[in-house]
Amino acid sequence: MRNSIVWVTPVATISVAVLAALAIDRHASVIPQALQAGASEALCPRGDATLRGTYMSKGGGSVVGVGTVAFIGTVYFDGKGGITNPYTVSFAGTISRVVGKATYTVKSDCTATFTTTDDTQHFDMRVSPDGRKVDYIETDAGTVISGSASRVND
């Protein structure tokens, strides 16, 4: 009698694994095509209005050559592209309390950006389609800072 092994793998798992592997290969064109195939329905059709209300935020990282950063705060998204963000930050061990102001833009694919009003910091964001969760990373050279925010109040 001959033994055989049957591998049962969900198609979704294979798709994610294949797309992840292809993402490493910068020459692969499968990921943009896969995103376009599902583009018939916008994930975030409300644009900036996707983000509205009060969010709790935390994150950290480092500024190259300067030191580590950790922060917590409350972020108020106005649903129209404006942010007010009172937060506490530990920057290389020095504590500060700050109220930041910024503008943001949410695209229909739920990617977004925000920039401080003094144009000194720039971030890319990923927004959940219901607007309840935001992940962000600073895109300025010399920084390794990221965080997340979750809506607690509309």
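This is a predicted model: local features need pLDDT of at least 70, side-chain atom pairs count only at pLDDT 80 or more; totals for chains, interfaces and linings use all residues.
Residues are numbered from 1 along each chain as its sequence is written, and side-chain values use heavy atoms, leaving out hydrogens and water.

Now the rings. The whole structure holds six aromatic pairs. Rings of Phe, Tyr and Trp (its six-membered ring) pair if their centres lie within 6.5 Å; planes under 30 degrees apart count as stacked, over 60 as edge-to-face and the rest as tilted. Phe 77 and Tyr 104 have ring centres 5.1 Å apart and planes at 85 degrees, so they pair edge-to-face. Phe 77 sits in strand β2 (residues 67-78) and Tyr 104 in strand β4, so the pair ties together parts 27 residues apart in sequence. Helices (H or I, at least four residues) and strands (E, at least two) are DSSP runs, numbered from the N terminus. Phe 77 and Tyr 104 are both buried. Phe 114 and Phe 123 are stacked instead, 4.3 Å centre to centre with 5 degrees between the planes.

Next, the sulfurs. There is one disulfide, counted as a pair of cysteine sulfur atoms within 2.5 Å. Cys 44 bonds to Cys 110, S to S 1.8 Å. The link is right-handed, with 95 degrees about the S-S bond. Cys 44 lies in the loop between α2 (30-37) and β1 (52-63), and Cys 110 in the loop between β4 (94-106) and β5 (111-116). The two are 66 residues apart. Cys 44 is buried at 1% relative accessible area, and Cys 110 is buried at 5%.

How values were computed: Buried means under 20% relative accessible area, exposed over 50%, partly exposed in between (1.4 Å probe, protein chains only).
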